[in-house]
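Hi,

Here is the structure I said I would pass on.

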Amino acid sequence: MNHPYYSDQAYIAESFNLEEDYIAQNARLAFFKINSYKLTLIKAAFLKSRRELQENINRSLFNYTCPAIILADLGFFKGEIDN
């Protein structure tokens, strides 16, 4: 019987790279959102955009996501079962 050989190192490395890229992109986006909001605090002329940015920050940065949903989206549960 020939059983396929699964490379756990390659799978783990690829999963780590995907998760690291995802986290880095989200952190960069959060940084830009917060800095944009800080810029609107400087002048009263940005009152309308300040409200929009505040709503955007509240919806996107201050929401909780269950870890199981994130793992499912990353395909953790579909990973290689055969070892």
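This is a predicted model: local features need pLDDT of at least 70, side-chain atom pairs count only at pLDDT 80 or more; totals for chains, interfaces and linings use all residues.

How much space lies in the largest pocket? About 170 Å³. A pocket here is an open set of points on a 1 Å grid over the protein atoms alone, where a 1.4 Å probe fits, with protein on both sides within 12 Å along at least five of seven lines. The volume is the space filled by probe spheres set on the points, which are joined across faces, edges and corners.

Residues are numbered from 1 along each chain as its sequence is written, and side-chain values use heavy atoms, with hydrogens and water left out.

The protein chain has three helices and zero strands (DSSP runs, H or I of at least four residues for helices, E of at least two for strands, numbered from the N terminus).

Back to the pocket. Its lining (residues with an atom within 4 Å of a point) is Tyr11, Glu14, Ser15, Leu18, Glu19, Leu71, Leu74 and Phe76. Helix H1 (residues 8-42) gives the most, with five residues.

Leu71 also turns up elsewhere: with Phe76 and Phe77, Leu71 makes a nonpolar surface patch of about 310 Å². Such a patch takes nonpolar side chains (Val, Leu, Ile, Met, Phe, Trp, Tyr) joined within 5 Å, from residues with over 30% relative accessible area and no salt bridge (a side-chain nitrogen of Lys or Arg within 4 Å of a carboxyl oxygen of Asp or Glu). Areas come from the Shrake-Rupley method with a 1.4 Å probe. Leu71 sits in helix H3 (residues 67-73) and counts as partly exposed because its relative accessibility is 31% (buried is under 20%, exposed over 50%, partly exposed in between).

Ile57, in helix H2 (residues 47-60), counts as buried, at 8%. Of the 83 residues in the chain, 11% are buried.

Cheers

Terms used. Patches are made of residues with over 30% relative accessible area and no salt bridge: like charges are joined within 9 Å, nonpolar side chains (Val, Leu, Ile, Met, Phe, Trp, Tyr) within 5 Å. Buried means under 20% relative accessible area, exposed over 50%, partly exposed in between (1.4 Å probe, protein chains only).
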